Amino acid sequence: MDLFVCTNRPALLCDLNALPDRPLEKRVEITGATNERMEVKLVPNYADNPLVCGPRYLHEDFRCSWATHLGLFSSGVLLLGINDGTKLTYKINTARPTRAFKVHGQLGKATDTYFWNGKTVERATYGHVTREKIDRVVAHMQAAHQKTMFELSGLHMDSQTAYEMASQGPIRPANNKLPVIYGIKCVYYEPPKFTLEIQSVNEYDKYLWTLVHDLGVQLKTAAHCVGVQCIRQGKFDLSYALLRKHWQLEHIVENIHKCQQLLEDNEQLLTPTYAKLTA
């Protein structure tokens, strides 16, 4: 199972081709006069020499895919599968495990993209904003989001049917393009900067930026997102992630073994049990 957390194919090619090469293939050579006893011997086949046929490993030898897309301006855990591991990334994508994000925001300014690189469209004071107010607003956002999920299925939050459905496990929408927030809380606040920790599925970077913008509106100020970091996907957290300096064959192979052991110990990652709401 070739599943690991982040890699770089050019690095794999360079490291694999730098390994000691296998012995050259031999070819049969028959020498001597045809009217006398001839000599049969094995000699090196120079057509198998890398200087002739090229490197042993090429780009075409590798297939790579991710389990869940990570935005261009996001960082953190990204599950990648290589060759046979692409089957695992497909299964993980289908299972849709929750992801945890740290979303960094800043008060006092709003942009047209809700991200720091957008055009400034509004400025506002934020002296009245406190940690307690942020906690109150994000708790309301979480409750409202989960209530909407039940309403989409025609269920009342206090009904027995809703209870039985929730008891089956984490609720997933039937539409895998519908974002669902399971938890949101403020873990850092030092005006004007703050950090939200968000547990969700089916989210994307622009949706998380929008949450920061909406938070600013409900706090009667303005806010924009300055960074998004994925800190966990299912059971895979930052301890499994490879830094760019570790995108080397030795560390990648070690990481593959760690991920394989994690999947063997947690089979529910590929076949989870959860309740599904109809869209």
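Start by selecting Phe 101: its bridge partner in β12 is Ile 198. A quick note before moving on: this is a predicted model, where local features need pLDDT of at least 70, side-chain atom pairs count only at pLDDT 80 or more, and totals for chains, interfaces and linings use all residues. Numbering runs from 1 along each chain as its sequence is written, and side-chain values use heavy atoms, with hydrogens and water left out.

Now show β7 (residues 99-107) with β12 (residues 193-201): they pair antiparallel over 8 bridges. Pairing takes at least two DSSP bridges between two strands; strands (E, at least two residues) and helices (H or I, at least four) are DSSP runs numbered from the N terminus. His 104 sits opposite Gly 227 of β13.

Select Leu 215 and Phe 236 next: they have the most contacts inside the largest nonpolar core, which has 41 residues. Helix α6 (residues 205-218) gives this core its largest share, 6 residues. (A core joins buried Ala, Val, Leu, Ile, Met, Phe, Trp, Tyr and Cys residues through side-chain atoms within 4.5 Å; buried means under 20% relative accessible area with a 1.4 Å probe, protein chains only.) Apart from it is another core of 10 residues, including Leu 13 and Phe 62.

Last stop: select Leu 79, Ile 92, Pro 97, Gln 233, Gly 234, Lys 235, Phe 236 and Leu 269, the lining of the largest cavity. (On a 1 Å grid over the protein atoms alone, a cavity is where a 1.4 Å probe fits but cannot get out; lining residues have an atom within 4 Å of a point.) About 40 Å³ of space lies inside.

How values were computed: Buried means under 20% relative accessible area, exposed over 50%, partly exposed in between (1.4 Å probe, protein chains only). On a 1 Å grid over the protein atoms alone, a cavity is a set of points where a 1.4 Å probe fits but cannot get out, and a pocket is an open set with protein on both sides within 12 Å along at least five of seven lines; lining residues have an atom within 4 Å of a point. Grid points are joined across faces, edges and corners, and a volume is the space filled by probe spheres set on the points.
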